[in-house]
Amino acid sequence: FSPSRYKSLRLLFSSTSKTCCGSMKISLGLAWFLSFLYFGPRLVSSRKVRLTYINGIATHMEHMEEGEKEITKIFGEPCLFCYNPTSQSHVEDTVGWLGDITQAGTQKLGRITEEVNSLVNHLREALATVGKRGCVVHIAHSQGALITSLACKLLTPEEMSRMEILAFGGAATIRKSAEMPFRRCINYYSVNDPILFVAPSASQYLRSGRVVGDAEEEFCFLAPRLGDPIADHDILGPTYNQALQWEGARFRREHRSLGYKVIHPTYLLLVAFHERFHQLIVAILGSLLRVVLATVLWGKTQVDLLVSFVRSWVIRPAMFLFMICLEAIRTWITGQEKYELVVREKVPQPISVSKEGPTRES
């Protein structure tokens, strides 16, 4: 081949290879994007699981929404709550509180109320959503545990086998049995919780001395964090919140897919790296800004000193010399000097006496 033809072929091969590489990159990127759209939700999402929650007495809707947000944050899964309405018109309504206590007393005697039927429908909807191989993790607090125990009696054993019950300060203890074959069931109680007076099985278990058991135990008693029985009974208080944190960690460990377990730590690592990088950039920019500001202030100070020096030692002497020269020129031109006339008062001269007679000194 001639050198010119060889050069032309080399340019043609180079352009063709670049075009092929570009097309391959585009194809791979498109294939990755389409595969992510198809497999991404299946890889990242958890297996079929739903998180539900029912509250206790004297809980208003704003309190319920606050609890829903906190539980969602702890478990990393949207919490679907079944609201157990209160008879209170406001937080300090004592008559309404007594109405809630009366209702709980009738439920303790086995009465099926509207709240029980509402929870049954709520749980069945969640079970239908997760399917036969799914799981419903149900959180119940105070009277909510009592309502849950009555609602579970209306469910089939197959439905209960796909449920996990997490009871916190429950007015009724919920335990696995042949009639109630839950996948998992645990009752958390603070040792100073006043609800233990209406939960005899929990009190008996506490008196037995087995306050902390293994993973298969159905009771877990917690040391109070505040020392106030009412405050320690709150599900969002520090006593039961620590148990929620344990269950949230277990939920993410047990009910998340392998893809989530791999991707989520990577995501958290990237978030931590981003935060650290952001802090580093802010620190660097802050240091640079401080240096720039210090330099500007120092420069301003030096300029002020220079201006003061020039004004005192250059401009004023120059102006003085200029005025002297100007006066000298004026005198040279006019031949007269400029004087200021000073008017003095004539003071009488003292009279001296001599032989020739009195004279006035001049």
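The structure is a predicted model, in which local features need pLDDT of at least 70, side-chain atom pairs count only at pLDDT 80 or more, and totals for chains, interfaces and linings use all residues. Residues are numbered from 1 along each chain as its sequence is written, and side-chain values use heavy atoms, with hydrogens and water left out.

The axes of α4 (residues 114–130) and α5 (residues 143–152) come within 9 Å and cross at roughly 65 degrees. Axes here are lines fitted to C-alpha atoms over the stretch in contact, with angles from 0 to 180 degrees between N-to-C directions; helices are DSSP runs of H or I with at least four residues, strands are runs of E with at least two, and both are numbered from the N terminus. The two helices are therefore roughly perpendicular to each other, a class that spans 65 to 115 degrees. On the α4 side, Glu115, Val116, Leu119 and Val120 meet Ile147, Thr148, Leu150 and Ala151 of α5, with contact taken as heavy atoms within 4.5 Å. These contact residues divide into 6 nonpolar, 1 polar and 1 charged (nonpolar: Ala, Val, Leu, Ile, Met, Phe, Trp, Tyr, Cys and Pro; charged: Asp, Glu, Lys and Arg; polar: the others, Gly among them).

Turning to open space, the largest pocket has a volume of about 830 Å³. Of the 32 residues lining this pocket, the closest to its centre are Ile57, Ala58, His141, Ser142 and His233. A pocket is an open set of points on a 1 Å grid over the protein atoms alone, with protein on both sides within 12 Å along at least five of seven lines; a cavity is a set where a 1.4 Å probe fits but cannot get out, and lining residues have an atom within 4 Å of a point. Points are joined across faces, edges and corners, and a volume is the space filled by probe spheres set on them. Helix α3 (94–108) gives the most to the pocket lining, with 5 residues. The lining comprises 17 nonpolar, 11 polar and 4 charged residues.

Notes
Parallel < 35°, antiparallel > 145°, perpendicular 65-115°, else oblique.
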